[in-house]
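Subject: Structure handover

Hello,

Here is the structure to look through. Please open it first, then read my notes below.

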Amino acid sequence: MKSHTFALLIPFAVLVACSRAEAPPPPAAPAAPATAVVEAAPANAATVLAGSSGSSVAGALQLTASSAGVTLAGEISGLAPSTEHGFHMHEIGDCSAPDAKSAGDHFNPAHAEHGGPTAAARHLGDIPNIQSDATGRVAINATIAGATLRDGGPSDLVGRAVIVHAKRDDYTTQPSGDSGDRIACGVIR
C-alpha cells in the first residue's frame with residue numbers, strides 16, 4: 001500500500017509544484033511623461049502708418065523679434081518718387097498731433113548720441129534711411145539690433161512710434177540727423 005500511496009503522491013507533488021509557478025511580476029510603474037522641447041513663438045507686433053504734416057504717406061509694417069533683434073517688414077507708399085527719408089523709432093506711441101511731434105524724440109533707452117544704424121553709439125531707434133522707388137513706394141526689411149518686443153524691458157518697441165521723415169537722416173547732426181518734418185507716424189501694437 002505504501003507503493004500505491006507513493007504513486008498517488010507523485011502526481012499530487014507535480015500538481016503542487018506547478019501551482020507554485022512564479023507569479024507574474026507586478027506591473028511596472030508608469031513611465032514619466034516625455035517632456036517635449038517647445039520653443040516659444042516669436043513675439044510679433046504691427047503698425048499702420050498714416051500721413052502727418054499734410055502728407056499722404058501710408059504703410060503697414062509687421063515686427064518680429066528674434067535673437068538678432070526686431071525685424072520690420074512691410075511697405076510704405078505715398079512718398080515722393082526716388083527720394084531718401086529718415087526712418088526712426090520714437091519714444092512715445094502717440095501720433096495724435098498733426099505734425100506727429102506727440103511721438104517725442106528718437107527712442108533712446110541707453111541715452112546715447114544719435115548715429116547711423118551700425119554706429120557704436122546710436123539711438124536704439126536709429127534705423128537705416130529708406131529710399132522710395134519711381135512710384136513713391138518702398139519695401140521695408142530692416143532689423144534693429146538690440147530691440148525687443150513684448151518683454152516689458154527697456155528695449156521693448158511695443159507702445160513706441162515709427163516715424164518717416166521728409167528728408168534723409170545725415171547720421172551726424174544731433175540729436176536727430178536733420179531729417180526734417182515727420183510725414184508719417186504709426187504706433188506699434
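A disulfide is a pair of cysteine sulfur atoms within 2.5 Å. Keep in mind that this is a predicted model. By that rule, the count comes to 1 disulfide. It joins Cys95 to Cys185, with an S to S distance of 1.9 Å. The link of Cys95 and Cys185 is left-handed, with -70 degrees about the S-S bond.

Where do the two cysteines lie? Cys95 is in the loop between E4 and E5, and Cys185 is in strand E8, so the pair ties together parts that are 90 residues apart in sequence.

Are they buried or exposed? Buried means under 20% relative accessible area, and partly exposed lies between that and 50%. Cys185 has 4% relative accessibility, so Cys185 counts as buried. Cys95 has 27%, so Cys95 counts as partly exposed.

Next, the sheet. Strands of a sheet pair through backbone hydrogen bonds, either parallel or antiparallel. Here, 8 strands form an open sheet, and the pairing is antiparallel. The order is E5-E4-E7-E8-E1-E2-E3-E6. Which strands stand at the edges? They are E5 (126–131) and E6 (138–144). Each has a single partner strand, so one side of each is left without a neighbour in the sheet. On average, neighbouring strands of this sheet are turned by 20 degrees against each other, direction ignored.

Now follow E1 (residues 44–51). E1 pairs with E8 (residues 182–187) in the antiparallel sense over 2 bridges. Ala50 has Cys185 in E8 as its bridge partner. E1 also runs antiparallel to E2, and 6 bridges join them. Leu49 has Gly59 in E2 as its bridge partner. E1 and E2 form a hairpin with 6 residues between them. Look at Ser53 in the turn: Ser53 has a positive phi of about 55 degrees.

Last, the cores. In soluble globular proteins, nonpolar side chains tend to be buried together. The largest nonpolar core here has 28 residues. Which of them touch the most other members? They are Leu72, Ile76, Phe87, Met89, Leu157 and Val164. The elements that give two or more residues to this core are E1, E2 (58–66), E3 (69–77), E4 (84–90), E5, E6, E7 (161–165) and E8. E6 gives the most, with 4 residues.

Best wishes

How values were computed. Residues are numbered from 1 along each chain as its sequence is written. This is a predicted model: local features need pLDDT of at least 70, side-chain atom pairs count only at pLDDT 80 or more; totals for chains, interfaces and linings use all residues. Side-chain values use heavy atoms; hydrogens and water are left out. Two strands pair if DSSP finds at least two bridges between them. Axes are lines fitted to C-alpha atoms, for helices over the stretch in contact, and angles run from 0 to 180 degrees between N-to-C directions. A nonpolar core is a set of buried Ala, Val, Leu, Ile, Met, Phe, Trp, Tyr and Cys residues joined through side-chain atoms within 4.5 Å. Buried means under 20% relative accessible area, exposed over 50%, partly exposed in between (1.4 Å probe, protein chains only).
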